[in-house]
Amino acid sequence: MKNLITSLSLLVLIASGKTAVAQSTQIDPAKFNNPIIKDQYTGDPAALVYKDKVYLYAGHDEAPKDFHFYKMNEWVVYSSSDMKKWESHPVPLKTTDFAWAKGDAWASQVIERNGKFYWYVTVEHGSVNGKAIGIAVSDSPTGPFKDALGKALITNDMTKFSDISWDDIDPTVYIDTDGQAYLFWGNTACHYAKLKENMIELDGPIHHIKELPHFTEAPWIHKHKNWYYLSYAYEFPEKIAYAMSKSITGPWEFKGILNEIAGNSNTNHQSIIEFKGQSYFIYHNGATQPDGGSFRRSVCVDKLYYNKDGTMKRVVMTSEGIQ
Ligand code: CA
């Protein structure tokens with residue numbers, strides 16, 4: 001606040017002609033709010049707005065500095081009332097909480113329905129080759145969570161769009177205004193299916209979305225006014241692009257790049273929310289902590305803005321974050 005006041009004072013001085021030196025608003029690096037999680041490395045953020053708080057879920061990047069792949073055994077949760085100060089909570093969910101899984105706490109998302117919190121996660125399956133999607137449930141957004149199903153909801157053999165073993169990852173879940181829930185997920189191809197009201201069973205066939213150019217992974221569904229948005233990781237290294245539709249089942253119209261490659265990270269994973277009248281873009285990078293990188297990521301937040309036609313303005317990634 002002191003620096004802000006100093007900067008405002010300088011602007012007043014400039015405006016009053018008392019100084020000829022141009023000054024820009026400067027914020028002490030110690031007050032940079034990105035990354036928002038500074039006590040550990042985290043990636044693949046997914047935020048939930050519930051009552052008067054935002055709950056931020058992420059995977060814990062545990063890779064040592066000289067280990068060049070993902071080492072992820074648990075997910076973490078933080079909460080905030082103002083998007084600036086984030087409170088950490090005890091670890092709410094580990095891959096070992098799924099008896100049928102054998103590791104890899106990859107991307108996930110939590111949603112609330114009828115007072116219960118359902119956490120859709122990516123893990124490595126213990127007996128079916130490849131990645132799978134499981135569901136944990138809790139009565140509280142901060143957990144503890146437990147396996148809701150006792151088995152995977154989605155296994156690699158349920159989609160055969162690609163030969164790779166990790167094409168069934170990155171779940172995003174959305175409950176439409178008519179109460180119908182949908183699960184979207186995928187790498188290489190984007191899939192979706194309806195969920196039953198119990199949130200732990202598919203309700204119908206798996207569909208494939210074909211109109212998303214250079215889809216890599218990380219789908220995220222959100223709605224703003226009367227538009228549905230499907231944002232996703234585009235190409236590799238990953239930018240974030242998006243498409244829009246008047247229906248959650250499409251057809252989707254590609255709208256271009258939403259966010260450029262984030263510093264020093266070959267992946268990205270976005271979460272888009274509205275909280276107290278402001279839209280936010282939550283993502284990760286590998287550049288905002290000293291030993292960061294693609295396997296030691298950090299979650300950041302910047303504001304998101306819409307154009308009058310409903311398209312989204314390109315995100316400006318900042319060090320300051322939310323001030
Ligand atoms: Ca598959």
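Colleague: Are Tyr70 and Phe295 buried or exposed?

Modeller: In this predicted model, both Tyr70 and Phe295 are buried. For Phe295 the relative accessibility is 17%, which counts as buried because the cut-off is under 20%.

Colleague: How should I read a pair of aromatic rings, and which kind of pair do Tyr70 and Phe295 make?

Modeller: A pair of aromatic rings is described by the distance of the centres and the angle of the planes. The ring centres of Tyr70 and Phe295 are 4.8 Å apart and the planes stand at 85 degrees, so this pair is edge-to-face.

Colleague: How many aromatic pairs does the whole structure hold?

Modeller: The search of the whole structure gives 18 aromatic pairs. Another of the pairs is formed by Phe69 and Phe295, whose ring centres are 5.8 Å apart with planes at 45 degrees, so this one is tilted. Phe69 belongs to the loop between strand 2 and strand 3 and Phe295 to the loop between strand 19 (278–285) and strand 20 (298–304), so the pair ties together parts that are 226 residues apart in sequence. Phe69 itself has 43% relative accessibility and counts as partly exposed.

Colleague: Which residues form one aromatic cluster?

Modeller: One aromatic cluster is formed by Tyr57, Trp75, Phe98, Trp100, Trp119 and Phe145.

Colleague: What is the general idea behind a nonpolar core, and which residues of the largest one touch the most other members?

Modeller: In soluble globular proteins, nonpolar side chains tend to be buried together. In this structure the largest nonpolar core has 25 residues, and those that touch the most other members are Tyr57, Trp75, Leu93, Phe98, Trp100, Trp119 and Val121. At least two residues of this core come from each of strand 2 (53–61), strand 3 (74–80), strand 6, strand 7 (116–124) and strand 8 (131–138), and strand 7 gives the most, with 4 residues. If you follow Trp100 beyond its neighbours up to four places away in sequence, you find that it touches residues including Val123, His125, Ala132, Ile133 and Asp147.

Colleague: Where is Ile111 found, and what does it touch?

Modeller: Ile111 is in strand 6, which covers residues 106–113, and its relative accessibility of 11% makes it count as buried. Leaving out residues up to four places away in sequence, Ile111 touches Leu48, Lys116, Phe117, Tyr118, Tyr120, Val173, Tyr174, Ile175 and Met199. As a lesson in comparing sequence with space, Ile111 and Tyr50 are 61 residues apart in sequence, with their C-alpha atoms 9.1 Å apart.

Colleague: What does the C-alpha separation of Phe184 and Asp97 come to?

Modeller: Phe184 and Asp97 are 87 residues apart along the chain, and their C-alpha atoms are separated by 23 Å. Phe184 is placed in strand 11 (residues 181–185) and counts as buried at 0% relative accessibility. Its contacts outside four places in sequence include Cys190, Tyr192, Ile209, Leu230 and Trp252.

Colleague: How many disulfides are there?

Modeller: The count comes to 0 disulfides. Cys190 is buried, with a relative accessible area of 1%, and Cys300 is buried too, with 0%.

Colleague: Which residues coordinate the calcium ion?

Modeller: The calcium ion is coordinated at 2.3 to 2.8 Å by both the O and OD1 atoms of Asn156, the O and OG1 atoms of Thr159, two OD atoms of Asp167 and an OD atom of Asp168. The donor residues follow the spacing N-x2-T-x7-D-D in sequence. Asn156 and Asp168 both lie in the loop between strand 9 (146–147) and strand 10 (172–175), so the pair ties together parts that are 12 residues apart in sequence. Both Asn156 and Asp168 are buried.

Colleague: Which backbone oxygen lies 2.8 Å from a polar atom of the side chain of Ser265?

Modeller: That oxygen belongs to Thr267. Ser265 lies in the loop between strand 17 (253–259) and strand 18 (271–275) and, at 4% relative accessibility, counts as buried. Residues up to four places away aside, Ser265 touches His284, Asn285, Gly286, Ser294 and Arg297.

Definitions and conventions. Residues numbered from 1 in each chain as written. Predicted model: local features only at pLDDT ≥ 70, side-chain atom pairs only at ≥ 80, totals over all residues. Heavy atoms only, no water. Buried < 20%, exposed > 50% of the residue type's maximum accessible area, 1.4 Å probe, protein only. Polar contact = N/O pair within 3.5 Å; in protein donor to acceptor, adjacent residues only side chain to side chain. Contact = heavy atoms within 4.5 Å. Donors = N, O, S within 2.8 Å, 3.2 Å for Na, K, Ca; no water. Disulfide = S-S within 2.5 Å. Core = buried A, V, L, I, M, F, W, Y, C linked by side-chain atoms within 4.5 Å. Phe/Tyr/Trp six-rings, centres within 6.5 Å; stacked < 30°, edge-to-face > 60°.
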